Amino acid sequence: MEDVLQEVQQRQQEIRPDSPRNLPPHEVFMQKFRLYETRSNFYMVGRDKSRTYWKVLKIDRLEPSELHIQEDPTTYTEKECSDLLRRIHEGNIAIGGLTFVTTCYGIVGFIKFRGPYYMLLITKRRQIGAICGHNIYAISKSQIIPVPNSAVRSSTVNYKNENRYKKLLSMVDLTKDFFFSYSYHVMRSLQKNACGDGTGQVLYETMFVWNEFLTRGIRNILQNTIWTVALVYGFFKQATLSISGRNLKLTLIARRSRHYAGTRYLKRGINEKGRVANDVETEQMVLEDVSEGLPMHISSVVQNRGSIPLYWSQETSRLNLKPDIILSKRDQTYEATRLHFENLVKRYGNPIIILNLIKTIEKRPRESILRAEFANAIESINEDLSEENRLKFLHWDLNKHSRSKTTNVLLLLGKVAVYALTLTGFFYCQVAPTLTSDEHLAWPCFANGVAVDMFNPRYSNINNMKHNDGENKDSGDPDRKTCGGNNISNGNQFVSPPMMQKGVLRTNCIDCLDRTNVAQYAYGLAALGNQLHALGVTTSTKIDLDDPLAEELMSFYERMGDTLAHQYGGSAAHNKIFSERRGQWKAATESQEFLRTLQRYYNNAYMDAEKQNAINVFLGHFQPQTGKPDVWELDSDQHYNVRRNGQSTLDETVRDAAIPTRVLFTAMQRSKYIEHEYAETIDWSNFVDLDWLSSSANSCEEELLERSMLSASPTAVLSSDNVINEMARETTSSASECGSSTMGREHTGSDLRYGEARKTEVVEGFSDNFVHWVMNGEALCH
């Protein structure tokens, strides 16, 4: 058989020495494959979209326990490839010849349990969207095929355990919530794709590629990724919007981390490597559909959610709907927490803004225990950093205020979102399209191949605000180097200077599902207003909560929230705030929430253990070994100690880092917490608590707040109760100066708008003290 391949290769070289065989693999993406088999080999034939680039892969079927793969270096035409297959068939006619197995659309990977290797294939796909001309696909059908032939397998397989592992693997449903692209790096943000240069192997090793372990073997053998697809797990939704006569594509993507991945009660908090449970990157894109050859406006903003980065857990209970929260391990120096935030800075830059939505005070301490310890961890980290390099840390008890009739939760969260956008900015640029032979945009999109230093302060949104207003498009700075330069022609089209996101908003509640999703929607709405304004679609960055566009975006985030909640918690998200916003019947909403609670409880108590085992096997966290226990015989955490050849299968190196490794944090100084038996006795004075925002709806009340703070002693407690009580004492005497108070007033209509992401306008909605703290990292208490 080798003689047939070698003979054909030699003949093709003689006939057409200048054939497309020398075409660099990264310029062509194979998208369709056909699998054939003989008794001794699999032959996979792959081709590109235009049917001009044909390659052949051979997989050995006689080896019972090792993976032997060989790529034919020759590039064929369609006719030459057909001739090769015919010759292989004729050479094997005595033992059955060459037979067709299946059509497929990429290799998901290879996996081995206690017997042979198996090959996972995508046998049916569906397109779910497109980004800058690059198609995005979901899996409609997949297939697992044993690599060795039946005669070889029969002598090596323990079918009882083998079938149980195969059934376990099938629990990771590839047809649900996985997506991929042949030509677009969907595991990375639009900003990183536009301004980065990551390719091939490195992209598979990022934290969002769930089949990194499954593809590791074939990638190491072939040293390329043209036969495999990189699967991202999470959420993808895209829709076309028509605004002011312009067609825009709104895309929402959620990427789940494969590190420390799992189910709700079995994966909580953080591990020793600084990886947190339920770590999800959310990206909101706005792209404009334009005529061929015209510059394309593109924009995106990224936010993050993840479990509270401490060692904590909850024991799964079949008798208790709300099991106790346990600080399972004391880390006096918070090393794991430090690693987590260092990783965030490597991924997104500085600043890191933390929005903590968990409860402040409880009759029986649960969330409040974590709240105190989380603040201690941030304080400990910040003590070792200079003032300008500290975390920004915000607290707001969303659960408490969502029950208040006088608080508009979305409005207040929108104000916090405006601050985050002011500090981090968002990505926007115009690109001059350069199409490849496959009719998608080539990356990077910018002139002369010059990539932006995306974490250079010169390219943040704050420094580009005038450009955002359509003014001062040329700053006159001779040292300024943007993506392709300032107004440099690319294909006879001009590319404007980009605006870059630098830093990220990290939101969490306890599960990072329900409350977190509401906050992420508020941030997304504030960002959307700015994105549309940057694209020149609107004249204002504000979007009313009553605007149909806000309702459309809410449906995106509600769908995303349900999807992520099913993946981590076993039920749809609790969407009470969204339901109330739509005016749904309260009794129906409460009934729905109760049923979701029961569904989540059942899945957590009865289904999650096996689901966790399936995830561990799929991701390679557990690999079966002879003489060692099977995964179902182990504790939920013991699998991390079971590796092949004594080596860890987790790739904890952050290879997708694109910025300096130093930690850049910003926050206020605070003293240590004193924990007591009950949360009511905890000293909350060290928190930067946003509760007071709920009672400061206009400038009059801000004056009262400032007075109360200025008159307080240095040890005064800053909390919502203190602020409100102080305000109440001064309301009567201040009424004549400030006019009537707006506390308790319902916000409707045009009042429900998110402010623009600029210092000058944000200040109008907040006290000077709060603005000063957010911008400069200083304490609110003096």
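Phenylalanine 374 and phenylalanine 393 are both buried. Select these two first, bearing in mind that the model is predicted. They belong to a set of 15 aromatic pairs. Theirs is edge-to-face, with 4.9 Å from centre to centre and 70 degrees between the planes. Colour by secondary structure and the pair is seen to link distant parts of the chain: phenylalanine 374 is in helix H9 (residues 367-383), phenylalanine 393 is in strand E17 (residues 392-395), and 19 residues separate them.

Next select Phe113, Tyr118, Tyr165 and Trp632, which together form one aromatic cluster.

Two other rings have a charged side chain over the face. Show phenylalanine 42 with arginine 61, which lies over the ring at 4.3 Å from its centre. Then show phenylalanine 556, where lysine 237 takes up such a place, 4.9 Å from the ring centre.

**Cysteines**

How many disulfides does the whole structure hold? A search finds zero. Select cysteine 512 and cysteine 509 to look at one case. The closest cysteine sulfur to that of cysteine 512 belongs to cysteine 509, and at 5.4 Å it is too far for a bond; the cut-off for a disulfide is within 2.5 Å. Is cysteine 512 buried or exposed? Its relative accessible area is 0%, so cysteine 512 is buried. Move to cysteine 195: this residue also counts as buried, because its relative accessibility is 5% and the limit is under 20%.

**A cavity**

Go to the second largest cavity, which holds about 80 Å³ of space. To see its lining, select Ile270, Pro309, Leu310, Tyr311, Leu327, Lys329, Arg330, Asp331, Tyr334, Ala336, Thr337 and Glu373. Which classes of residue make up this lining? Seven are nonpolar, one is polar and four are charged.

**Histidine 68**

Select histidine 68, in the loop that runs between strand E3 (54-60) and strand E4 (69-71). Histidine 68 counts as partly exposed because its relative accessibility is 39%.

**Backbone angles**

The last stops concern the main chain. Most residues other than glycine have a negative phi, and most peptide bonds are trans.

Begin with the peptide bond from asparagine 350 to proline 351, which is cis, with omega near 10 degrees. Proline 351 is found in the loop between helix H8 (335-348) and strand E16 (352-356).

Now select arginine 51. Its phi is positive, near 65 degrees, and the residue is not a glycine. Arginine 51 sits in the loop between strand E2 (41-48) and E3. With a relative accessible area of 38%, arginine 51 is partly exposed.

Finish at asparagine 278, in the loop between strand E11 (246-256) and strand E12 (280-288). Asparagine 278 is not a glycine either, yet its phi is positive, at about 50 degrees. Is asparagine 278 buried or exposed? Its relative accessible area is 4%, so asparagine 278 is buried.

Key: Residues numbered from 1 in each chain as written. Heavy atoms only, no water. Buried < 20%, exposed > 50% of the residue type's maximum accessible area, 1.4 Å probe, protein only. 1 Å grid on protein atoms, 1.4 Å probe; cavity = no way out; pocket = protein on both sides within 12 Å on 5 of 7 lines; lining within 4 Å. Points joined across faces, edges and corners; volume = space filled by probe spheres on them. Nonpolar A, V, L, I, M, F, W, Y, C, P; charged D, E, K, R; others polar. Phe/Tyr/Trp six-rings, centres within 6.5 Å; stacked < 30°, edge-to-face > 60°. Helix = DSSP H or I, 4+ residues; strand = E, 2+ residues; numbered from the N terminus. Lys NZ or Arg CZ within 6 Å of the ring centre and 35° of its normal.
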